[in-house]
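Subject: Handover of a structure and the findings from it

Dear colleague,

Please find the structure below, followed by an account of what was found in it.

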Amino acid sequence: MKKTIAFLPLLILLVAFKPADTQPAPPEIPADVQSLLDKYGCAACHAMSRKLVGPMWTDVAAKKYSAKRIAQLVAKPEPANWPGYVPMVAQKVPKEDMNKIAKWLVNLK
Ligand code: HEC
């Protein structure tokens, strides 16, 4: 009986501090990628898990493009891929930076 009472506070603590059943947090954008998205203005129209002017990054990632194809589509958008959106204006991003963004998108789940 004494033992049970000793365990009671522990039990209460465990229940009280159980992590809340929240929605899984959206994946974070690595700082180096985020700075590129800011630098080239992508962040004005694209967000991780919220539709802005452009589709959210997770929706773009769901298209399972290759990095090469992503670079192509940014340089020469094909609005037919996104019915219901205004067409994206072609973006000029230096190759190296574009590769970084594209690689990140390819690996985004
Ligand atoms: C002025 C708003 C705007 C800006 C700035 C912008 N986008 Fe977009 N983006 C869109 C819209 C709208 C679409 C969907 C329509 C389309 O593809 O034409 C889109 C689509 C895309 C797609 C999917 C292409 C496809 O065909 O599936 C990629 C990838 C993308 N954007 C990347 C970028 C990157 C990288 C940048 C920054 C260099 C950027 N966007 C800047 C509005 C924007």
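Helices (H or I, at least four residues) and strands (E, at least two) are taken here as DSSP runs, numbered from the N terminus. This is a predicted model, in which local features need pLDDT of at least 70 and side-chain atom pairs count only at pLDDT 80 or more, whereas totals for chains, interfaces and linings use all residues. Residues are numbered from 1 along each chain as its sequence is written, and side-chain values use heavy atoms, with hydrogens and water left out.

The protein has five helices and zero strands, in the order α-α-α-α-α along the sequence. Of its 109 residues, 27% are buried (under 20% relative accessible area; exposed is over 50% and partly exposed in between, with a 1.4 Å probe and protein chains only).

Lys-64 lies in the loop between α3 and α4 and has a positive phi of about 55°, although it is not a glycine. Lys-64 is exposed, its relative accessible area being 65%.

The metal site is as follows. His-46 (NE2) and Met-88 (SD) coordinate the iron atom of the ligand at 2.0 Å; donors are N, O and S atoms within 2.8 Å of the metal (3.2 Å for Na, K and Ca), and sites may look incomplete because water is not among the atoms. His-46 sits in the loop between α2 (31-39) and α3 (57-61), and Met-88 in the loop between α4 (67-75) and α5 (95-107), so that the pair, 42 residues apart, links distant parts of the chain. His-46 is buried, at 11% relative accessible area, while Met-88 is partly exposed, at 34%. The six donor atoms make angles of 84 to 180° and the site is octahedral (six donors, with opposite ones over 155 degrees apart and all others between 65 and 115). Ideal angles for six octahedral donors are 90 or 180 degrees.

Around the ligand there are 25 residues, of which Cys-42, Cys-45, His-46, Tyr-65 and Met-88 come nearest (a residue counts if one of its heavy atoms lies within 4 Å). The largest share of this shell, three residues, comes from α4. Polar contacts are pairs of N or O atoms within 3.5 Å. An oxygen atom of the ligand is 2.4 Å from a side-chain N or O atom of Tyr-65, and one is 2.8 Å from such an atom of Asn-81. A polar backbone atom of Met-88 is 2.7 Å from an oxygen atom of the ligand.

How values were computed:
Four donors count as tetrahedral if all angles lie between 85 and 135 degrees; four count as square planar and six as octahedral if opposite donors are over 155 degrees apart and all others between 65 and 115; anything else is irregular. A polar contact is a pair of N or O atoms within 3.5 Å; within protein, one must be able to donate a hydrogen and the other to accept it, and residues adjacent in sequence count only if both atoms are side-chain atoms.
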